[in-house]
Amino acid sequence: MRKALNIILWLFLSLFLLVMGALAMTQTAWFRNFVKEKAIDIAGEHINGSLHIAEIRGNFFTNLEIRNLSLLFPDGDTLIAFDALKLRYAPLTLLKKQIRLDEIALLTPKVKIELDQDSVWNFSRLLRPSEKPADTTATAPFAYSVRLQSLHISDGEVFLNIPE
């Protein structure tokens, strides 16, 4: 009986240490850089252009800050850029099928929207077309409710170009 208790104790202690190690790892510069590079790679697979991120800050559990983010077209023209995107969220609400964003803050966003000679908006060229045929079967409605408490935009600029 004592041996079984020791095994269970060591099992829980090992699991606890493993979880704490994983949590500590998410706070390292190496992990933040890994997440940044992975996000850039995933975006590169789905967009015609490139995503640039200078730095990711925050603890990943309740807040995140992305510094100097820009989304560029292949010709180097900027669609959107901002000094910082700050997110504060409550992850435990996911257990109740809720997505709760306490705050989204965009610092110095710049958006460039243009209509070309063929009457096509520049942002419509951003996403690559899907290689799979569209699935036309009915799907269930989105099971989560989404709540945004606060949206802050400071020092933003929108450039709109519509040729005559």
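**Rings**

I count rings of Phe, Tyr and Trp (its six-membered ring) as a pair if their centres lie within 6.5 Å; planes under 30 degrees apart make the pair stacked, over 60 edge-to-face, and the rest tilted. By that rule I find five aromatic pairs in the structure.

I looked up W30 and F34 and got a stacked pair, 5.7 Å centre to centre with 10° between the planes. The two residues sit four apart in helix α2 (residues 29–46), so about one helical turn separates them. For helices I take DSSP runs of H or I with at least four residues, for strands runs of E with at least two, numbered from the N terminus.

Then I checked accessibility, calling a residue buried under 20% relative accessible area, exposed over 50% and partly exposed in between (1.4 Å probe, protein chains only). W30 comes out exposed at 56%, and F34 is partly exposed at 44%.

My next pair was F142 and Y144, which is tilted: 5.8 Å centre to centre, 45° between the planes. F142 is exposed at 59% relative accessible area, while Y144 is partly exposed at 32%. F142 lies in the loop between β5 (110–114) and β6 (145–148). I also took F142 against K86: they are 56 residues apart in sequence and 25 Å apart in space, C-alpha to C-alpha.

Which residues do ring pairs link into a cluster? I get W30, F31, F34 and F60.

**Ground rules for this model**

I note that this is a predicted model, in which local features need pLDDT of at least 70, side-chain atom pairs count only at pLDDT 80 or more, and totals for chains, interfaces and linings use all residues. Residues are numbered from 1 along each chain as its sequence is written, and side-chain values use heavy atoms, with hydrogens and water left out.

**Charges over rings**

I let a charge sit over a ring if NZ of Lys or CZ of Arg is within 6 Å of the ring centre and within 35 degrees of the ring normal. K97 lies over the face of Y144, 5.9 Å from the ring centre. R125 does this over the face of F73, at 5.2 Å from the ring centre.

**T26**

Where is T26 found? I place T26 in the loop between α1 (2–25) and α2. T26 is buried, at 12% relative accessible area. Its side chain joins that of Q27 in a polar contact of 3.0 Å; such a contact is a pair of N or O atoms within 3.5 Å, where within protein one must be able to donate a hydrogen and the other to accept it, and residues adjacent in sequence count only if both atoms are side-chain atoms. Leaving out residues up to four places away in sequence, T26 touches F31, R32, F60 and F61 (contact means heavy atoms within 4.5 Å).

**Whole chain**

I get two helices and eight strands for the protein chain, running α-α-β-β-β-β-β-β-β-β from the N terminus on. The radius of gyration is 22 Å, well over the 15 Å that the globule rule gives for 164 residues, so the chain is more spread out than a compact globule. That radius is taken over C-alpha atoms, and the rule is 2.2 Å times the number of residues to the power 0.38. The C-alpha trace spans about 85 × 40 × 30 Å along its principal axes.

I also noted that 22% of the 164 residues count as buried.
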